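This briefing goes through one protein structure, topic by topic. Please keep the sequence and the 3D view at hand while reading.

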Amino acid sequence: MADITLISGSTLGSAEYVAEHVAEKLQEAGFSTEMFHGPELYEVPQDGIWLLVCSTHGAGELPDNLQPFLEQLDDQQPDLSKVRFGALGLGSSEYDTFCGAIGALDQKLTSLGAKRIGERLEIDVTQHEIPEDPAEIWVLNWINLIK
């Protein structure tokens, strides 16, 4: 099993690129990673450390490739008390549902017993042309919290 399971949801690919970039930084720090872009719930381990990277789509919704994952969490209500996680969201502050998707995932995981590690990062794509830059700063700090 990998040290860190990355779960990404993306509509146009930005969150996927960010997830791949932070995975590289985690690997450089000595962690093994496993990447899932829009997984089914049964595909991811029900323990260990997860890092969710998700863009917000439409009026605060999850991207289409991650919506089934949230629905499966709702339907199956798994015990995630053995999961610790980080949450990194992308969105536009031009919308009042800014980073609503990562907020929904954070709330769902917490309600199922998972414990968030550190603060959630919400990247405003109107302020950061290259969202990998603030994500890299965040993940390097986040690494210190999981050691």
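Two strands count as a pair if DSSP finds at least two bridges between them. Strand β1 (residues 4-9) and strand β2 (residues 33-37) are joined by five bridges, so they count as paired. The model is a predicted one, and the mean pLDDT of the protein chain is 94.

**Confidence and the annotated span**

- In the protein chain, 99% of the residues reach a pLDDT of 70 or more.
- Confidence is highest in strand β5 (residues 115-116), with a mean of 98, and lowest in strand β6 (residues 121-124), with a mean of 94.
- UniProt, in an unreviewed entry, lists residues 4-143 as "domain: Flavodoxin-like".

**Strands β1 and β2**

- Strands β1 and β2 run parallel.
- To get from β1 to β2, the chain passes through helix α1 (residues 14-28). This β-α-β crossover is right-handed.

**Aromatic pairs**

- A pair of aromatic rings is described by the distance of the centres and the angle of the planes.
- There are two aromatic pairs in the structure.
- One of them is formed by W50 and F69, with 6.1 Å from centre to centre and 55° between the planes, and it is tilted.
- This pair links distant parts of the chain, since W50 is in strand β3 (residues 48-55) and F69 is in helix α2 (residues 67-76), 19 residues apart. W50 and F69 are both buried.
- W138 and W142 form a stacked pair, with 5.5 Å from centre to centre and 15° between the planes. The angle of 15° makes the pair stacked because planes under 30 degrees apart count as stacked.
- W138 and W142 are four residues apart in helix α4 (residues 132-146), so about one helical turn separates them. Both W138 and W142 are buried.

**Salt bridges**

- The whole structure holds six salt bridges.
- K25 and E136 meet through their side chains in a salt bridge of 3.9 Å, N to O. Because K25 lies in helix α1 and E136 in helix α4, this pair ties together parts that are 111 residues apart in sequence.
- K25 is buried, at a relative accessible area of 14%, whereas E136 is partly exposed, at 24% relative accessibility.
- The side chains of K108 and D74 form a salt bridge of 2.7 Å, N to O. This pair links distant parts of the chain, with K108 in helix α3 (residues 100-111) and D74 in helix α2, 34 residues apart.
- K108 counts as buried at 16% relative accessibility, while D74 counts as partly exposed at 36%.
- R116 and D106 also meet in a salt bridge, at 2.7 Å, N to O. R116 is in strand β5 and D106 is in helix α3, so the pair ties together parts that are ten residues apart in sequence.
- R116 is partly exposed, with 34% relative accessibility, and D106 is buried, with a relative accessible area of 5%.
- Salt bridges link D106, R116, R120 and E122 in a network.

**Residues with positive phi**

- Which loop holds Q77? Q77 is found in the loop between α2 and β4 (83-91).
- The phi of Q77 is near 45°, which is a positive value in a residue other than glycine. Q77 is partly exposed, with a relative accessible area of 44%.
- C99 is not a glycine either, yet it has a positive phi of about 55°.
- C99 lies in the loop between β4 and α3. Is C99 buried or exposed? C99 is buried, because its relative accessible area is 2% and buried means under 20%.

Note on methods. Residues numbered from 1 in each chain as written. Predicted model: local features only at pLDDT ≥ 70, side-chain atom pairs only at ≥ 80, totals over all residues. Heavy atoms only, no water. Phe/Tyr/Trp six-rings, centres within 6.5 Å; stacked < 30°, edge-to-face > 60°. Helix = DSSP H or I, 4+ residues; strand = E, 2+ residues; numbered from the N terminus. Buried < 20%, exposed > 50% of the residue type's maximum accessible area, 1.4 Å probe, protein only. Right-handed = clockwise from strand over helix to strand, strands pointing away. pLDDT = per-residue confidence, 0-100. Salt bridge = Lys/Arg side-chain N within 4 Å of Asp/Glu carboxyl O. UniProt positions renumbered as here; feature names shortened; annotations may be inferred.
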